[in-house]
Amino acid sequence: MKPQYRIAMIVDIPETDKLYKTMCLCYGKECIRFSYQPKDVFGFLSEFKPHVLIIDPILFEECGVKVSDVAGYRNNFKYRLAFLSNRPLSEEDRARLDRFHPIRCYYGTSNYFAIATEVPKMIRKPFTARKEPLKAKTYENLDAIFRECGFRCNMKGYQYLLDALVILYFYPDLHVLFGSAKIYKRLAEKYNTSPRLVERAMLRFIESSLTYPVEQAFRERLKIADHYQFFPVTFRNFAEIVNTYYTIEFGNPAKILRGPRR
């Protein structure tokens, strides 16, 4: 079993021993990899697959390794990048390094225990606390729209569809090939049924609800363009149309979650 927290550190020699011992004290030796050689970074990422990579960006630059490359590896290895350097940095250097969007920056600090205790916060998925209220609001908005437009919301497939649309609002990439199958499977597990029954129930709900008056009210409410056609009914087509126009009206969730708190 992989450790709960996997932490890799590549920092200058004065920091390595102290920070390593503190991290081991908090999380155990099996969770930590450390080095003062930037050339070790790819081995750490590909073999250890850390949740958090802590580096001294100045050390990397002195060794001819681009910090931008290390930051770019995040797309493939899915880790959080933190900067640590006890050497003084100018405001210009700090601003330049901030462009790489580290999850934490520790400049001129020796409080290693404070750094260690922040690891769970670094690993925790961002915006989780802000996502739940937005998720609840999305359910509320979609439910109000369907009821306002006259959909038959007492049908079994309605709750499946509502759940599916909320999933797609936050993860629109699932509209691509095989995404529908993943949603059917997820909902089937949630409601203790089969993916096939989930799909059929959603299609019956859409087909029986989309009478001409309901369709016109739905188009008017979400400002759906005439060239988007609901028939023949498929889950993917219906969900793409709804998600597109719902996102236009209520905003992209990624931007909302990353925006400043009000």
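This is a short chat about some local features of a predicted model.

Me: Let's start with helix packing. At what angle do the axes of H10 and H12 cross?
Reply: Roughly 100 degrees. H10 covers residues 156–170 and H12 covers residues 195–209. Their axes come within 8 Å.

Me: So what do we call that, parallel or perpendicular?
Reply: Roughly perpendicular, because the angle falls in the range 65 to 115 degrees.

Me: Which residues meet there?
Reply: From H10, Gly157, Tyr158, Tyr160, Leu161 and Ala164. From H12, Leu197, Val198, Ala201, Met202, Phe205 and Ile206.

Me: How do the residues of that contact divide by class?
Reply: The contact of H10 with H12 has 10 nonpolar residues, one polar and no charged.

Me: And H11 with H12? What angle do they pack at?
Reply: About 105 degrees. H11 spans residues 179–191, and the two axes are 8 Å apart. H11 and H12 are therefore roughly perpendicular to each other.

Me: Which residues make that contact?
Reply: Tyr184, Lys185, Leu187 and Ala188 sit on the H11 side. Pro195, Val198, Glu199 and Met202 sit on the H12 side. By class, that gives six nonpolar, no polar and two charged residues.

Me: Switching to pockets. How much space lies in the second largest pocket?
Reply: About 250 Å³.

Me: What lines it?
Reply: Arg74, Asn75, Lys78, Tyr79, Arg80, Leu81, His101, Pro102 and Ile103 line the second largest pocket. H5 and S4 each supply at least two of the lining residues.

Me: How does that lining divide by class?
Reply: Four nonpolar, two polar and three charged.

Me: Lys78 is in that list. Where is Lys78 found?
Reply: In the loop between helix H5 (74–77) and strand S4 (80–85). Phi of Lys78 is near 55 degrees, a positive value in a residue other than glycine.

Me: Is Lys78 buried or exposed?
Reply: Exposed, because its relative accessible area is 64% and the cut-off is over 50%.

Me: Which other lysine has a positive phi?
Reply: Lys49, with phi near 50 degrees. Lys49 lies in the loop between helix H2 (41–48) and strand S3 (52–55). Lys49 is partly exposed, with a relative accessible area of 39%.

Me: Now the loop between H13 and H14. Where is the cis peptide bond?
Reply: From Phe231 to Pro232, with omega near -5 degrees. Pro232 is found in the loop between helix H13 (212–222) and helix H14 (235–250).

Me: And Ile224, where is that?
Reply: Ile224 is also in the loop between H13 and H14.

Me: Buried or exposed?
Reply: Ile224 is buried, because its relative accessible area is 5%, under the 20% cut-off.

Me: What does Ile224 touch, leaving out residues up to four places away?
Reply: Phe218, Arg219, Phe230, Ile241 and Tyr245.

Me: How far apart are the C-alpha atoms of Ile224 and Tyr245?
Reply: They are separated by 6.6 Å, while the two residues are 21 residues apart along the chain.

Key: Residues are numbered from 1 along each chain as its sequence is written. This is a predicted model: local features need pLDDT of at least 70, side-chain atom pairs count only at pLDDT 80 or more; totals for chains, interfaces and linings use all residues. Side-chain values use heavy atoms; hydrogens and water are left out. Helices (H or I, at least four residues) and strands (E, at least two) are DSSP runs, numbered from the N terminus. Buried means under 20% relative accessible area, exposed over 50%, partly exposed in between (1.4 Å probe, protein chains only). Axes are lines fitted to C-alpha atoms, for helices over the stretch in contact, and angles run from 0 to 180 degrees between N-to-C directions. Angles under 35 degrees count as roughly parallel, over 145 as roughly antiparallel, 65 to 115 as roughly perpendicular and the rest as oblique. Contact means heavy atoms within 4.5 Å. Ala, Val, Leu, Ile, Met, Phe, Trp, Tyr, Cys and Pro count as nonpolar, Asp, Glu, Lys and Arg as charged, and the others, Gly among them, as polar. On a 1 Å grid over the protein atoms alone, a cavity is a set of points where a 1.4 Å probe fits but cannot get out, and a pocket is an open set with protein on both sides within 12 Å along at least five of seven lines; lining residues have an atom within 4 Å of a point. Grid points are joined across faces, edges and corners, and a volume is the space filled by probe spheres set on the points.
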